[in-house]
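Here's a quick walk through a model with an eye on how its parts pack. Have a look at it first, then read on.

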Amino acid sequence: MSERALTCHEVVDIITEYLEDTLSPTERRRVEDHLAVCDGCTAYLEQMRETIRLTGMLTEEQIPEEQKRELLEAFRTWVA
Amino acid sequence: MTDAPLKERTASAEEAELIARLRNGDERAFEALVGRHYGTMLAVARTYVGSRSVAEEVVQEAWLGIVKGLDRFEGRSSLRTWMYRIVVNIAKNRGRREGRSIPFSALAGGNDDAPIDPEWFQGAAERAPGGWRTFPDDWRGIPEDRLVGHETLQRIGLAIDALPPMQAEVLRLRDVLGWTSEEVRNALDLSETNQRVLLHRARSRVRRELDAYLSEGRDDR
């Protein structure tokens, strides 16, 4: 494994692996070494984190009343 | 079981309680469970079948299967993993009967939809090959009100809806519902690498759309 510094493009390509913590310790250190000196990639990483945070604020579609009633009915039948 | 990390043990303790309540016929617990998962199940089912109305039927059928199966649920996987496997199985069967057989590559999105544009980076002949041409915006200067505002979240929702179906599915489970990668892999029967690649493409695309939206009207910089 060469110790060549990662380019910004390479960091962006493996940013999810970095966030998922699935990189080897060596690769992880290379990403961190790069981030320490690169404002562009630091901003990109921050954007990714923010994207994840905001996505977590979405709410999914609610169940229509009719379907809910039908399911509750099935649940009651099952319980009985 | 005793080797499971603390977080998983806590989750399964909560789950054991939920299952006990469901088996005791606790309607509120059931209603809450349905409310929490209905929308995502619908989106997941929609991946495999041709129309929204069929997806609704699939989800309804899946819930009936879940209710009937509760007594037999043995806890070998988490409850929600088990529930989504039921949804996926029914949806796949319906899709097959509809004569829809979509190759994985179409569901997952190919390389032509790459969410990271090579043009953002300097070429081999330039001063710093692989380095940014222009740095990404620093979002920390954007007011929180705007970030979490209705319109921003709506844009994110639209960006997710426009993703190739499997990418949208993985992103919803991971980032909207907060599932672990392991749960998603089990529910959707994906390899570790596929799950991560789908998540990477999906998140990168949503970030890109979000950035395009947030930089609107910021030309004064």
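The notes below go from the chain contact down to a single residue.

## Ground rules

This is a predicted model, so to speak of local features takes pLDDT of at least 70 and side-chain atom pairs count only at pLDDT 80 or more, while totals for chains, interfaces and linings use all residues. Residues are numbered from 1 along each chain as its sequence is written, and chains are lettered from A and ligands numbered from 1 in the order in which they are written.

## Where the chains meet

Chain A puts 38 residues into the contact and chain B puts in 46; two residues are in contact if their C-beta atoms, placed from the backbone, lie within 7 Å. On the chain A side, helix 1 (8–13), helix 2 (15–20), helix 4 (39–55) and helix 5 (65–79) each give two or more residues. Helices here are DSSP runs (H or I, at least four residues), numbered from the N terminus.

Helix 4 of chain A has the largest share of that side, with twelve residues. Sorted by class, the side of chain A that touches chain B has 16 nonpolar, eleven polar and eleven charged residues. Nonpolar covers Ala, Val, Leu, Ile, Met, Phe, Trp, Tyr, Cys and Pro; charged covers Asp, Glu, Lys and Arg; the others, Gly among them, are polar.

## Two domains in chain B

Chain B splits into domain 1 (6–97) and domain 2 (104–214), with bounds from an automatic or database domain assignment. Their centres, taken over C-alpha atoms, are 27 Å apart.

Eleven residues of domain 1 of chain B are in contact with twelve of domain 2 of chain B. On the domain 1 side, helix 2 (27–46) and helix 4 (79–97) of chain B each supply at least two residues, and the largest share, five residues, comes from helix 4 of chain B. That side of domain 1 has four nonpolar, five polar and two charged residues.

## A residue in helix 4 of chain B

B:Met83 sits in helix 4 of chain B. Is B:Met83 buried or exposed? It has 21 C-beta neighbours inside 10 Å, so B:Met83 counts as buried (buried means 20 or more other C-beta atoms within 10 Å of its own, exposed 12 or fewer, partly exposed in between, with C-beta atoms placed from the backbone).

Leaving out residues up to four places away in sequence, B:Met83 touches B:His37 and B:Ile66. B:Met41 is 42 residues away along the chain, and its C-alpha atom is separated from that of B:Met83 by 9.2 Å.
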